[in-house]
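Biologist: I would like to learn how to read a model like this. Please take me through it step by step.

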Amino acid sequence: MRNIVITGATKGIGRAIANLFAGEGQVRLFINARNADDLNQAKIDLEAKNSGSVEVFVKPTDMSVNEEVLAFAEFVKANCPTALDILVNNAGVFIPGSIHEEEEGALEKMIQTNLYSAYHLTRALIGGMKNAKKGHVVNMCSIASQIAYPNGGSYSISKFALLGFSKVLREEMKPFGVKVTSILPGATWSDSWAGVDLPRPRLMEADDIAKVVRAAIELGDSAVLEDVVIRPQLGDL
């Protein structure tokens with residue numbers, strides 16, 4: 001069985017990735033989110049997709065709190081009998097606003113959730129991948145990691161930083177056979193867009209982002225997708 005960690009996996013892109021891998025079976029999923037009820041329901045739903053060939057381990061975690069991130073890492077290591085195969089750093093938060101007008105603390109909140117969580121969780125779990133000389137880290141960046149846009153504010157800052165982290169990690173992991181991929185989606189349907197008055201086709205579907213993650217992971221040992229930009233067909237909003 002493949003061992004896969006997905007953060008922020010009860011909704012949106014994270015849930016779509018979990019659904020895809022659970023549907024294929026022969027996986028051991030370690031997922032987190034802040035809401036325990038959502039996690040427990042996700043466990044039931046995911047294990048039902050391939051009964052007997054999917055194990056789901058859940059732990060409520062606030063990814064903006066370093067102590068909880070490290071506790072989740074220890075939870076994974078305690079329940080993972082073999083080396084981790086895939087780590088998807090997907091958890092994130094979006095607080096709209098401009099740098100000069102956004103609420104005090106917005107930058108800190110998004111840096112802690114969007115950058116520090118990936119940094120600390122990766123550091124805690126990547127040792128097993130290095131020892132096994134295999135594995136894949138997927139960092140869910142954003143089109144906001146490349147371009148600034150109105151009302152993006154500190155969110156763009158945090159996502160620029162996450163892409164930088166991902167690029168550095170890619171260089172460091174080359175000698176160890178560990179792959180690193182940065183996924184940079186544009187506007188994708190999720191709770192962040194709840195209530196928006198737009199036609200459904202104007203935004204991408206989370207399932208399509210999940211398919212790109214799978215495509216990156218399924219490449220042979222001699223190839224790696226480093227940076228993948230995915231935009232709505234009609235372009236950015």
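Predicted model: local features only at pLDDT ≥ 70, side-chain atom pairs only at ≥ 80, totals over all residues.

Biologist: Where is the place of Glu226?

Modeller: Glu226 sits in the loop between helix 6 (206–217) and strand 7. Helices (H or I, at least four residues) and strands (E, at least two) are DSSP runs, numbered from the N terminus. Residues are numbered from 1 along each chain as its sequence is written, and side-chain values use heavy atoms, with hydrogens and water left out.

Biologist: Which residues does Glu226 touch?

Modeller: Contact means heavy atoms within 4.5 Å. Leaving out residues up to four places away in sequence, Glu226 touches Arg170, Val180, Thr181 and Ser182. Ser190 is another matter: Glu226 and Ser190 are 36 residues apart in sequence and 25 Å apart in space, C-alpha to C-alpha.

Biologist: Now the sheet. What holds strands together?

Modeller: Strands of a sheet pair through backbone hydrogen bonds, either parallel or antiparallel. Here, two strands pair if DSSP finds at least two bridges between them. This model has an open sheet of 7 strands in the order 3-2-1-4-5-6-7, with parallel pairing. Strand 3 (54–60) and strand 7 (227–230) stand at the edges, each with a single partner strand, so one side of each has no neighbour in the sheet.

Biologist: How are neighbouring strands turned against each other?

Modeller: By 15 degrees on average, direction ignored. Axes are lines fitted to C-alpha atoms, for helices over the stretch in contact, and angles run from 0 to 180 degrees between N-to-C directions.

Biologist: Which bridges should I trace?

Modeller: Start with strand 1 and strand 4, which run parallel and are joined by 3 bridges. Val5 has Leu87 in strand 4 as its bridge partner. Next, 4 bridges join strand 4 (residues 86–89) to strand 5, again parallel. There Leu87 partners Val137, and Asn89 partners Asn139. Strand 5 and strand 6 (residues 179–185) run parallel over 5 bridges, with Val137 opposite Val180. Finally, strand 6 and strand 7 pair in the parallel sense over 4 bridges. Ser182 stands opposite Asp227 there.

Biologist: Which way do side chains point in a strand?

Modeller: In a regular strand the side chains alternate between the two faces of the sheet. Take strand 5 (residues 136–140). His136, Val138 and Met140 point one way, Val137 and Asn139 the other, and all are buried. Strand 4 is covered on both faces too: Ile86 and Val88 are buried on one side, Leu87 and Asn89 on the other.

Biologist: What is a right-handed crossover?

Modeller: Look with the strands pointing away from you. The crossover is right-handed if the path from the first strand over the helix to the second runs clockwise. Strand 4, helix 4 (residues 106–132) and strand 5 make a right-handed β-α-β unit. From strand 5, the chain then crosses through helix 5 (residues 153–173) to strand 6, and this crossover is right-handed.

Biologist: How do I find the faces of a helix?

Modeller: An α-helix has 3.6 residues a turn, so residues three or four places apart point the same way. In helix 3 (residues 66–79), the buried residues are Val69, Phe72, Ala73 and Val76. Seen down the helix axis, they fall within an arc of 100 degrees, so they line one face of helix 3. That arc is taken from the directions from the helix axis to the C-beta atoms. On the other side, Glu67 and Ala78 are exposed. The buried residues of helix 3 pack against strand 1 (2–6), strand 2 (27–33), strand 3 and helix 4.

Biologist: What about backbone angles?

Modeller: Most residues other than glycine have a negative phi. Gln26 has a positive phi, near 55 degrees. Gln26 lies in the loop between helix 1 and strand 2. Lys133, in the loop between helix 4 and strand 5, also has a positive phi, near 60 degrees.

Note on methods. Buried < 20%, exposed > 50% of the residue type's maximum accessible area, 1.4 Å probe, protein only. Expected span 1.5 Å × (residues − 1).
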